[in-house]
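User: I'd like to learn how to read a protein model. Could you walk me through a few features?

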Amino acid sequence: MAVAHRESNGGSISKHLDNGKYVRYTAEQVEALERVYMECPKPSSMRRQQLIRECPILANIEPKQIKVWFQNRRCREKQRKESSRLQAVNRKLSAMNKLLMEENDRLQKQVSQLVTENGYMRQQLQTVPSVTTDLSCESTVTPQHSLRDANNPAGLLSIAEETLAEFLSKATGTAVDWVQMPGMKPGPDSVGIFAISHSCSGVAARACGLVSLEPTKIVEILKDRPAWFRDCRRHEVYTMLPTGNGGTIELLYAQIYAPTTLAPARDFWTLRYTTSLDNGSIVVCERSLSGSGAGPHAAATAQFVRGEMLPSGYLVRPCDGGGSIIHIVDHLNLQAWTVPEVLRTLYESSKVVAQKMTIAALRYIRQIAQETSGEVIYGMGRQPAVLRTFSQRLSRGFNDAINGFSDDGWSVMNCDGSEDVIVAVNSAKNLVSTSDLSSSLSLVGGVLCAKASMLLQNVPPAVLVRFLREHRSEWADFSIDAYSAASLKGSSYAYPEMRPTRFTGNQIIMPLGQTIEHEEMLEVIRLEGHPFGQEGTFMSRDIHLLQLCSGVDENAVGACSELVFAPIDEMFPDDAPLLPSGFRIIPLDSKSGVVQDAITTNRTLDLASSLEVGPATNNAANDSSSCYNMRSVLTIAFQFPYENNQPDSVATMARQYVRSVVSSVQRVAMAISPSGMSLMAGPTVSSGAPEAQTLANWICQSHRYHLGTDLLSSDSVGGDTLLKNLWHHPDAILCCSLKSSPVFIFANQAGLDMLETTLVALQDITLDKIFDDAGRKVFNSEFAKIMQQGFAYLPGGICMSTMGRHVSFEQAIAWKVLAADESTVHCLAFSFVNWSFV
């Protein structure tokens with residue numbers, strides 16, 4: 001029995017061995033298995049059998065045991081990766097905890113200082129008032145740096161050391177009263193800790209965060225300001241001096257774009273000091289140099305207002321276990337007095353500086369860190385650096401168009417009597433692709449830009465940009481997009497002899513990449529179009545746009561919203577030529593006492609005052625604005641290439657198109673405004689025309705007077721109900737003026753749909769353009785009858801929409817619209833019955 005038991009135990013051990021347990025591998029066997037694992041971590045059964053045949057040292061091991069070895073090896077690899085991840089998270093949390101503790105210590109010091117100052121002020125209030133006056137005068141004295149100090153290395157070093165001390169007192173001390181940035185709560189998953197200044201001279205913002213890059217790499221990135229600061233036009237080092245402690249002093253000149261056409265751009269003449277501290281930290285601090293005439297020649301800076309940079313900079317400290325802790329401070333005086341009153345809050349807002357500079361810098365570094373570690377994957381096979389370059393080129397091209405600097409070749413064209421839209425021309429601008437010079441575009445004429453800025457009232461910028469992005473057909477003209485795309489391809493056909501193309505209304509958004517917090521998206525837009533007629537029926541005329549969208553988060557305080565796009569070829573190379581156009585919406589902080597119509601410049605359109613929908617709606621809007629006062633500045637800029645023989649015709653087209661876009665934005669603003677304005681009431685027809693409700697009454701009364709029947713149902717007694725029913729009437733109802741060349745002045749929703757246009761763009765359409773030859777002959781023959789009898793029935797036929805689509809109608813009725821005195825003919829009305837697209 002004992003022998004049997006021993007044999008049973010031996011069989012059990014053999015069974016365990018067969019199952020792959022208790023097997024000891026030699027070093028040579030492990031090395032052979034590791035080589036296979038590096039090539040294929042999960043080999044198939046055939047591959048394992050092949051391994052046994054090819055490696056004699058594995059001949060005594062069963063395939064099942066080798067399978068178990070690979071399973072264990074994959075498990076160990078997974079555990080190792082998870083351990084590394086947890087260690088990285090632990091290091092990050094430790095560094096963030098250290099950062100929060102430092103921030104807590106700074107806040108405690110700030111509280112102690114405020115308590116001390118509060119007690120001191122209480123004591124002073126009990127003393128003689130004259131003493132208080134003397135002390136307040138002494139407290140306003142600030143040290144000034146003369147030009148003499150900046151003319152020699154010793155003076156520059158003295159300024160640099162003083163700048164370093166002041167910057168450190170702001171970054172880690174209590175020199176500035178910092179308050180938490182609204183909507184930016186610190187935490188392990190946040191980009192960093194953000195604060196803005198409270199009750200200090202100028203505008204200031206501060207950020208600190210943890211980044212998995214070494215300090216030298218971070219400093220290199222931050223010193224290249226145009227790479228991450230989209231508003232930086234020019235950044236040049238004029239002088240570089242080494243210091244005795246291993247640092248450098250640089251004299252810099254920088255130009256900053258103006259965000260809108262209503263204000264001049266800024267420039268800065270600064271000293272930048274880079275040095276290392278005893279604890280291994282690297283500091284880059286910067287401040288403006290005073291003195292008249294400092295910096296480049298005055299002729300080069302004539303278009304700029306000189307801004308002041310107070311001690312600002314970056315403190316980068318190495319972290320235990322890798323990575324760095326960054327402190328960023330931006331402190332500026334943007335000379336707000338040089339801009340219109342309504343825009344001054346924009347130049348006096350620390351939140352705007354925080355979003356555009358401070359937070360942008362930290363986000364950019366975080367983005368680079370994630371791309372370096374391979375955490376970010378982009379679509380369509382594009383490298384991250386290439387996509388960043390595309391985003392920068394779109395922003396820079398849009399800023400160039402808005403600012404129109406003369407040293408870039410821009411000049412303003414003569415206007416058409418109204419300066420609501422500025423048209424500038426640049427005959428020196430060429431768009432060249434360096435990768436393929438044979439196919440690159442070198443414009444014979446140049447580039448033309450039509451732009452306008454306006455004030456929006458009670459329209460959330462993020463909501464408006466999202467709508468413009470997702471509903472392009474509501475505001476864009478496909479023929480204009482086709483013209484720009486054809487011109488950039490060097491096509492033989494261009495405006496105004498373009499081949500007719502029908503836009504289906506479909507747009508496909510293909511994402512290219514986005515930043516880590518999704519505050520900015522780069523994407524390709526495909527607009528589907530098809531030609532008219534038999535020629536090229538099966539040929540696609542799709543248009544592709546490269547588009548940059550940002551600021552779609554409604555909770556991002558102080559952030560501007562942008563939608564910038566440029567036509568591209570379907571297979572656009574990395575250095576494809578770009579001609580950006582688009583929208584920028586900048587929120588304005590509410591400020592008591594600011595008059596609503598404070599923009600007095602005649603280059604500004606006030607959309608809030610233009611959104612008239614009748615007396616009742618206007619009163620409601622005025623009431624709501626008193627309790628909900630949110631304003632923003634919208635800037636629109638569209639660029640068009642042209643040839644030498646086309647500038648005037650392209651300028652006319654561009655001006656009309658921007659006005660059409662403005663009217664579309666008006667309509668969209670009414671729909672999305674939280675104040676309750678809506679398109680349902682029917683917008684005002686045109687400047688100098690009666691209000692929509694009055695015109696609706698005239699149309700219906702004249703129809704009953706001439707034809708003896710009611711146009712609308714009997715329950716439409718007047719006012720809002722009558723206008724609403726007319727607006728939603730199934731037949732297309734249009735009104736045109738009685739001029740030598742009649743133009744349309746009103747259309748209901750069905751009429752706008754039939755003509756595929758908007759209310760304001762409607763006023764550029766003449767009556768003869770919608771009829772074909774047969775329709776024009778019929779109308780001309782019946783015109784005398786209409787004027788004599790008051791109405792006429794026109795037979796069914798074909799008319800054309802503004803997009804070139806054929807529209808059939810069963811019958812058309814025309815009648816005279818009489819004013820209130822029933823003797824004056826105000827316009828002609830048409831009703832197209834049972835219309836449809838062919």
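User: Let's start with one residue. Where is Asn458 found?

Analyst: Keep in mind that this is a predicted model. Asn458 sits in a loop, the one between β14 (446-457) and α12 (461-470).

User: Is Asn458 buried or exposed?

Analyst: The idea is to look at relative accessible area, where under 20% counts as buried. Asn458 has 2% relative accessibility, so it counts as buried.

User: Where is Gln335 placed, and is Gln335 buried or exposed?

Analyst: Gln335 lies in the loop between β11 (324-333) and α9 (344-347). Its relative accessibility is 18%, so Gln335 counts as buried.

User: Now helices. How do I read the way two of them pack, say α7 and α10?

Analyst: You take the angle between their directions and the distance between their axes. Helix α7 (residues 215-223) packs with α10 at an angle of about 130 degrees, and the axes are 11 Å apart. An angle over 145 degrees would count as roughly antiparallel and 65 to 115 as roughly perpendicular; α7 and α10 are therefore oblique to each other. Their crossing is right-handed.

User: Which residues meet where α7 and α10 touch?

Analyst: From α7 you have Ile218, Ile221 and Leu222, and they meet Ala361, Tyr364, Ile365 and Ile368 of α10. Sorted by class, the contact of α7 with α10 has seven nonpolar residues, no polar ones and no charged ones.

User: How do α10 and α11 pack?

Analyst: The angle between α10 and helix α11 (residues 384-403) is about 155 degrees, with axes 11 Å apart. The cut-off for roughly antiparallel is over 145 degrees, so α10 is roughly antiparallel to α11. On the α10 side, Tyr364, Ile368 and Glu371 make the contact, and on the α11 side Pro384, Arg388 and Gln392 do. By class, that contact has three nonpolar, one polar and two charged residues.

User: Can we zoom in on α10? Where in the model is Ser350, and what does Ser350 touch?

Analyst: Ser350 belongs to helix α10 (residues 350-372). With a relative accessible area of 9%, Ser350 is buried. Leaving out residues up to four places away in sequence, Ser350 touches Ile196, Ser197, Val203, Ala204 and Ala205. Among these, Ser197 also gives a polar contact, side chain to side chain, at 3.0 Å.

User: One last residue, please. In which strand is Arg233 found?

Analyst: Arg233 is in strand β4 (residues 232-242).

User: What is Arg233 in contact with?

Analyst: Set aside its neighbours within four places in sequence, and the list is Gln255, Tyr257, Phe304, Arg396, Asp400, Phe405, Asp407 and Asp408.

User: How many residues apart in sequence are Arg233 and Ala254?

Analyst: They are 21 residues apart in sequence, while their C-alpha atoms are 7.4 Å apart in space.

Note on methods:
Residues are numbered from 1 along each chain as its sequence is written. This is a predicted model: local features need pLDDT of at least 70, side-chain atom pairs count only at pLDDT 80 or more; totals for chains, interfaces and linings use all residues. Side-chain values use heavy atoms; hydrogens and water are left out. Helices (H or I, at least four residues) and strands (E, at least two) are DSSP runs, numbered from the N terminus. Buried means under 20% relative accessible area, exposed over 50%, partly exposed in between (1.4 Å probe, protein chains only). A polar contact is a pair of N or O atoms within 3.5 Å; within protein, one must be able to donate a hydrogen and the other to accept it, and residues adjacent in sequence count only if both atoms are side-chain atoms. Contact means heavy atoms within 4.5 Å. Axes are lines fitted to C-alpha atoms, for helices over the stretch in contact, and angles run from 0 to 180 degrees between N-to-C directions. Angles under 35 degrees count as roughly parallel, over 145 as roughly antiparallel, 65 to 115 as roughly perpendicular and the rest as oblique. A crossing is left-handed if the near helix is turned anticlockwise from the far one by less than a right angle, and right-handed if clockwise. Ala, Val, Leu, Ile, Met, Phe, Trp, Tyr, Cys and Pro count as nonpolar, Asp, Glu, Lys and Arg as charged, and the others, Gly among them, as polar.
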